[in-house]
Amino acid sequence: MARLFEYQSKSILNKFKIPVPEGKIADTPESAGDIAREFACPVVVKAQTWTTGRAKYGGIKFADTPEEAKMAAAGIIGKKIKGFTVENVLVEKKLDIEEEYFAGIIIDDSKASPVLIFSSVGGTGIEEIAKEHPDKVIRHTIDIHEGLSAYTARNLVRKVGISGKLQMKIAGILVKLYKAAREYEARSAEINPLVRVKSGDIMAADCHITIDDYAVFRHPDLGIEIARELSNPPTELDMTAFNVEKNDYRGTFYFIQLETDFEEGQGYVGFHGAGGGGSMMSMDAVLAEGFKIANFCDTSGNPPASKVYRAAKIIMAQKGIDGYFGSGSGVASQEQFHSARGLVKAFRENWIRIPVVERLGGNQEEKACDILHNYTKDLPAPVECYGKDTPASYCAKRLRELVNKAEIKDIPKPKEEPHNADYSFQTVSEGTVSFDYDKCRKCISKACIKECIPGILNLNDEGCPVLNISKEDAAKGKCTECLCCEIECKFKGEAGGKIDLPIKELGIKN
Ligand code: SF4
Ligand code: SF4
């Protein structure tokens, strides 16, 4: 879920004609003071963060004069609230609040439907309100084909004891809120509190909207940089990983840095999971060995080798990690040797100097472990691989032993052989496959032909690989980036095949 700031959420409400207090964004104390002067009335200065409970952490302050607003903003901008550094504040006209309510539209996955929640009590979290005042809260599952009619909304508001004009006004807001949530494909849209002010108007005093990850690209007007549920602004690596995922529809790649401020020797591990539940269990196993987790990463849903490669490169870009731990569900239907080849390419390129333990459980796990073992033997750090019958707890224990032993061999990275790209073509994720025909002519195994999983390579008259499909088709995804023409070629052929997979932000070019 991608979270919107309060001011962004309110601009959506505004678009749907739900009244919000007059307000403007300020990124300096001076501009906060100027806005207060322009409003010529008491204001509230509110930290714009994705975290909840801002008031408790000093992120919401009232000011009666421009000078007070400036001081309030000075105390908030730059402050860390639950790890989130505040960059700007919303300065709003203070409301004369008479009564508070809660209104929300939330997607209930168990019902596969949006649910309207309204409470005639507002202010605190809806869970607390429901606990303390169960009779004041109504929930209504909305049929998306029918929508929410004004009649239904009025009936619901009536059930919590609100009648007359007020009932009409609130029902009108609920109908508009549902329309806004639907149009923006929100996972949740909460107005808390929805308030009745002295004039009798109903206004959204605070609002938080989250957008479904998969809908973000349909709403460029929101300017969401990263479709992830974060409590902090994304790090550079978070953004790098998100761009990889955004540009490659195959499988799932999720990466979030959990800690950035650490050094070698502090016990941080780069974590590479596969599948939500198994990854959680594996993270617990690592923590039980006294490690700390630098990042969460998940590559699942049949990712190509190239995606696993990019994930591993991003994990290893975290400076100061002491080990690399990969472990997932253990019953994956995906063919694990794809992941193994992706990992081999990444570990070899980085000439990895931290111990690696991989639990590549699932389909073809024996082949996956053979690839990982056999193609990393010459690296400075040990790389171990286990299948589903080895518990994650044992794998984490092995990583602990390897990290404690710290037996990293002093083997310099061999100089890269020159590679002439005599024949090349593009791949679907902007990679390039190329062949050095001088090497290919000498090659006896022709491993690339045998191992190319979609079988798109043939030999030409000189005994060198060429596509048996058009270059356009290869670039559309017929070349699945299985990496065989580099990895298998290196160990079974003459190293004439190469695949470059750019990650621009890491400086890995095509
Ligand atoms: S295995 Fe490698 S060296 Fe041999 S023909 Fe294929 S790409 Fe060329
Ligand atoms: S050409 Fe074949 S072997 Fe090479 S990456 Fe593409 S699919 Fe794999």
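User: What should I know before reading anything off?

Analyst: This is a predicted model, where local features need pLDDT of at least 70, side-chain atom pairs count only at pLDDT 80 or more, and totals for chains, interfaces and linings use all residues. Residues are numbered from 1 along each chain as its sequence is written, while chains are lettered from A and ligands numbered from 1 in the order in which they are written.

User: How many helices and strands does the chain have?

Analyst: There are 16 helices and 25 strands. Both are DSSP runs numbered from the N terminus: helices are H or I with at least four residues, strands E with at least two.

User: And what share of the residues is buried?

Analyst: Of the 510 residues, 45% count as buried. Buried means that 20 or more other C-beta atoms, placed from the backbone, lie within 10 Å of the residue's own.

User: Which residues of α7 are buried?

Analyst: Helix α7 covers residues 236–246, and Leu237, Asp238, Ala241, Phe242, Val244 and Glu245 are buried. Seen down the axis, they fall within an arc of 155 degrees (directions from the helix axis to the C-beta atoms), so they line one face of the helix.

User: What do they pack against?

Analyst: The buried residues of α7 pack against β14 (252–257) and α9 (305–316). Contact here means C-beta atoms, placed from the backbone, within 7 Å.

User: New topic. What order do the strands take in the open sheet?

Analyst: The order is β21-β22-β25, with antiparallel pairing. Two strands pair if DSSP finds at least two bridges between them. β21 (423–426) and β25 (497–500) are at the edges with a single partner strand each, so one side of each has no neighbour in the sheet.

User: How many bridges join β21 to β22?

Analyst: The number is 4, and β22 spans residues 432–435. Glutamine 426 is opposite threonine 432 in β22.

User: Now the ligands. Which residues come nearest to ligand 1?

Analyst: Of 15 residues around ligand 1, Cys443, Cys448, Cys489, Gly493 and Gly496 come nearest. A residue is near if its C-beta atom, placed from the backbone, lies within 6 Å. The elements giving two or more residues to this shell are α13 (437–442), α14 (447–451) and α16 (484–492).

User: And ligand 2?

Analyst: Of the 15 residues around ligand 2, the nearest are Cys452, Cys479, Cys482, Cys484 and Cys485.

Methods. A residue is buried if 20 or more other C-beta atoms lie within 10 Å of its own, exposed if 12 or fewer, and partly exposed in between; C-beta atoms are placed from the backbone. Two residues are in contact if their C-beta atoms, placed from the backbone, lie within 7 Å.
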